[in-house]
Structures are given as structure tokens and as C-alpha cells.
Amino acid sequence: MFVEKNYPLQRHNSFGIVAKAQQLVHITSVDALRQAVADTRGTALDFAQHPPFILGGGCNIVLTGDVKALTLKIAILGKRLVAQTDRHWIVEVGAGENWHDTVAWTLEQGWGGLENLALIPGSVGASPVQNIGAYGVELQDRFDSLDGVHLHTGESFTLNSAQCAFGYRDSVFKHASGLGLLGKAVITHVRFALPKQWHGELGYVDLQRKYAAFLEEKGLQANKISREQLSNTEHTEQLLALGKSAGLLPTAQQIFQWVCEIRRAKLPDPAVIGNAGSFFKNPQVSPEQCADIIAREPRLVHYPMPDGSIKLAAGWLIDACGWKGKTVGNAGVYDKQALVLVNKGSGTATPATGGEVMTLAKAIQTSVYERFGILLEPEPVVV
Ligand code: EPU
């Protein structure tokens with residue numbers, strides 16, 4: 001096992017925060033990972049006593065100082081079709097592959113299913129950890145199984161979807177207690193089940209707008225299908241019926257393109273302005289709590305969930321408290337989407353520090369709590 005000392009992490013975290021890994025090992029294969037477990041067992045670095053820090057694309061972390069734990073930089077590559085069933089292509093991808101490149105590659109092969117998740121920053125290995133989701137699709141909807149290595153025993157294991165215990169931005173890999181695998185396992189490969197009978201997921205309003213604009217361009221009167229009188233599902237169905245009548249059902253490539261355009265319009269590119277995507281989860285509240293807030297704040301953006309609870313748009317709550325564009329040092333609230341905190345010092349000699357980001361995050365939490373009685377939960381892992 002080759003350990004690098006004082007490894008600079010600024011280019012390995014999407015916030016672009018300056019910090020070092022005191023000790024870092026590049027993991028390029030399952031064998032190398034198992035070897036690392038064997039080499040450290042019984043030493044001062046024993047993973048059972050000192051959980052290592054697992055670094056994927058570094059797109060969902062805030063570094064508040066140098067990382068003291070041994071850092072495992074996961075760089076296991078490879079993408080291939082491993083099986084097929086009547087209904088699915090089963091595609092296996094190494095944890096170190098880039099997420100967006102993987103989505104683009106599956107579409108090039110003619111396998112739709114991941115297009116709504118285009119342009120999400122990060123690595124494939126991180127995707128099940130927080131069950132990434134966007135525009136009406138979550139990773140769990142396209143998941144088959146994953147392989148990992150247990151850091152205490154060095155043994156390989158495979159988990160199916162139920163064993164991953166997926167929830168909203170949540171999985172077994174985010175919890176340490178009970179059967180939780182936080183700090184105890186590394187994901188090495190993820191297998192996706194991509195539908196052979198593909199159909200587009202257009203339930204999200206921004207995507208409906210893109211599709212309607214596309215149909216209008218082709219001379220169809222899609223904008224006449226008014227959203228006002230219809231439920232969201234009815235609206236999507238009517239647009240699809242209109243498109244079908246003219247042989248213009250959307251393709252997976254088109255949806256991929258539209259998702260890229262929507263994201264580029266409202267989310268900052270981490271290569272230009274450091275950020276970690278949404279900084280807080282969208283809170284879930286009871287219908288009573290929601291009604292109570294609406295009585296005071298009639299414009300509250302809220303979505304009823306299948307389980308009867310109500311999800312609130314954290315971006316709206318933060319925006320309503322006047323945070324858009326505000327800063328603490330070089331950490332700021334993105335001016336086009338209040339849910340995203342950004343590094344205003346990206347590319348300069350004074351990038352934001354993790355401390356500034358967390359001071360800003362805490363101030364936002366306090367003001368949202370004081371106004372709405374809701375404690376926002378950060379989404380990225382604070383290291
Ligand atoms: N809104 C505001 N002001 C803002 C931001 C949002 O009023 O500054 C309102 C908007 O009007 C909109 C609503 O809040 O009606 C929701 O905003 P948006 O559509 O941008 O989605 P979101 O709930 O903020 C979630 C995910 C994103 C994902 C999008 C699209 C979470 C925490 N975030 O954002 O995921 O791309 O939906 O599906 O669930 C990420 O996790 O890093 C991420 C970017």
C-alpha cells in the first residue's frame with residue numbers, strides 16, 4: 001500500500017476549498033482495496049478502530065480542515081453490459097467513473113433510463129450513498145445491485161436495492177448505527193437496470209415546458225394545453241398524447257439535452273464556481289404543520305408526497321428569508337438558486353474556507369428556523 005503524505009485536496013472537492021489529506025491512498029482495484037484492509041489490520045491505521053475517509057468525486061463534501069483520517073481515493077474504473085433480462089439491460093460501472101460521463105455513455109449505447117440524472121456532479125460510487133435524484137427520477141429507480149468491500153473484514157459483498165435501504169437522499173451508507181455501513185464499507189461497483197421498454201419521465205414542470213416548446217417549434221399547439229385546469233400527471237399525459245399523434249414522442253437523448261439546459265441555466269458549474277449542489281435537503285413536514293405555515297405564508301412552495309407528508313422547497317424558504325446573493329467572507333448564496341452555496345473566491349488567491357461555508361450555512365439555518373420553525377438539514381458531508 002503506497003501512502004502519499006500531505007496530498008492537496010483543492011482539486012478533489014467541488015467547493016474548491018483548500019485542505020490536505022494527511023495520508024492518502026489511491027485505490028484502483030478491488031484487490032488493492034482488500035490489500036489495504038489487510039495491510040492496516042492490527043496497525044495504528046486499523047480501519048475497525050479508525051474509519052478511513054472515502055473520497056469519490058468530492059462533490060458532496062465540505063472540508064473544514066485537513067483530513068486526519070487515512071483518505072481512500074476511489075479510482076476503480078470500467079463500464080460494461082454484464083447481463084440482460086426480458087425487461088432490462090444490466091450495466092456495471094466502476095465506482096471511480098464520472099457520473100455524467102457514465103450517463104452520456106449509456107445513452108450512446110442506446111440504453112435510456114439515466115437521462116434525467118444528467119450533469120449531476122460526482123462519481124458513480126457516490127450515487128447510491130445519497131440516492132441521487134433529479135427531475136422526477138432517483139437512482140433507486142434504475143438500480144440493480146452494488147458490490148463493496150467491508151473495511152473491517154476485507155470481504156466483498158453484494159447488496160440489492162432493499163438492502164441499500166434507499167430513502168430521499170439517504171441509504172444504509174449514511175448511517176453508522178445498527179446495520180448502517182457508514183465508515184465500514186467502500187462501494188466498488190454499481191449495477192444499473194436500464195429498461196428495454198423505455199419511456200420518458202416528464203413529470204417535472206421544467207421538462208414539460210421544454211417538451212411543450214419543442215412541440216410548438218414543430219407547429220403543434222402544445223401551449224394550448226393549459227396547466228391551470230389539469231393535475232400535473234394529466235398535463236404530462238396530454239402533452240405526450242399530442243406528441244404521439246404527430247410521431248414526436250421525446251427520445252432519451254432529447255430529455256438528456258433538456259436536463260442539461262435546465263441545470264446549466266440555474267445551477268453553477270463547479271469547474272467555474274465551486275459548490276456542492278443543493279446544500280440542504282428539502283424538509284418533509286406533516287399536513288398540519290404545512291397548513292400552519294401557509295396560514296402565515298400563503299406563497300409557500302410545497303409538494304404532497306405519496307406517503308401523505310408534504311415536502312417543502314428549501315430553496316424557497318431560504319429565498320424568502322432574503323439570502324440570495326448574501327455572503328460570509330468568500331462563501332455565498334447563489335443568486336439563481338438559493339439552495340446552492342458557492343465559493344465566490346473560486347480561481348482566486350482567496351477561495352472560501354470550509355469555516356466560512358459552515359458559518360453561512362448556520363446563519364441560514366437560524367433564520368429559516370426563526371421564521372418558519374423548520375430546521376434545515378445539510379445535504380453534503382461536513383469533514
Ligand atoms: N425556489 C425559490 N427560490 C430559490 C430556489 C427555489 O423560490 O432560490 C423555488 C422554485 O420556485 C421552485 C422550488 O423552489 O418552485 C423548487 O426548486 P427547484 O426546482 O430548483 O428544485 P429544488 O427542490 O431546489 C431539487 C434537488 C436538486 C434537483 C432538483 C430538480 C434536493 C435537495 N435538491 O432541488 O438536486 O436537481 O430538485 O429535480 O432535493 C442536489 O441534490 O444537489 C440537487 C441539485
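## Basis of the model

Helices (H or I, at least four residues) and strands (E, at least two) are taken here as DSSP runs, numbered from the N terminus. The model is predicted, so that local features need pLDDT of at least 70 and side-chain atom pairs count only at pLDDT 80 or more, while totals for chains, interfaces and linings use all residues. Residues are numbered from 1 along each chain as its sequence is written, and side-chain values use heavy atoms, with hydrogens and water left out.

## Two residues with positive phi

Asn-131 is placed in the loop between α2 and β8, and Leu-119 lies in the loop between α2 and β8 as well. Asn-131 has a positive phi of about 45° although it is not a glycine, and Leu-119, also not a glycine, has a positive phi of about 65°.

Their exposure is described by relative accessible area, where buried means under 20%, exposed over 50% and partly exposed in between, with a 1.4 Å probe and protein chains only. Asn-131 is buried, because its relative accessible area is 0%, whereas Leu-119 counts as partly exposed at 23% relative accessibility.

## Helix α2

Helix α2 (residues 99–108) is mostly covered, with eight of its 10 residues buried; among them are Trp-99, Trp-105 and Leu-107. The cover over these buried residues, counted by contact (heavy atoms within 4.5 Å), includes β6 (79–84), β7 (88–94), β12 (185–195) and α6.

At the N-terminal end, Asn-98 caps α2, with a side-chain oxygen 3.0 Å from the backbone nitrogen of His-100. A polar contact is a pair of N or O atoms within 3.5 Å; within protein, one must be able to donate a hydrogen and the other to accept it, and residues adjacent in sequence count only if both atoms are side-chain atoms. Gly-110, whose phi is positive, near 90°, follows α2.

## The ligand and its shell

The ligand is surrounded by 23 residues, of which the closest are Tyr-135, Tyr-168, Tyr-204, Asp-319 and Ala-338; a residue is near the ligand if one of its heavy atoms lies within 4 Å. Oxygen atoms of the ligand lie 2.7 Å from a polar backbone atom of Tyr-135, 2.7 Å from a polar side-chain atom of Tyr-168 and 2.8 Å from a polar side-chain atom of Asn-282. The protein covers 81% of the 830 Å² of accessible area that the ligand has on its own, with areas computed by the Shrake-Rupley method and a 1.4 Å probe.

Two or more residues of the shell come from each of β8 (133–134), α6 (252–266), β13 (274–278) and α8 (314–320), and α8 gives the most, with three residues. The shell divides into 11 nonpolar, six polar and six charged residues, where Ala, Val, Leu, Ile, Met, Phe, Trp, Tyr, Cys and Pro count as nonpolar, Asp, Glu, Lys and Arg as charged, and the others, Gly among them, as polar.

## Domains

The domain assignment, with bounds from an automatic or database source, gives domain 1 (4–74), domain 2 (79–195), domain 3 (205–248) and domain 4 (274–382). Because domain 2 and domain 4 both give residues to the shell around the ligand, the ligand lies between them. The C-alpha centres of domain 3 and domain 4 are 32 Å apart.

Val-382 is in strand β20 (residues 381–382) and counts as partly exposed at 42% relative accessibility. Residues up to four places away in sequence aside, Val-382 touches Val-62, Thr-64 and Met-358.

Ala-271, in the loop between α6 and β13, counts as exposed at 73% relative accessibility.
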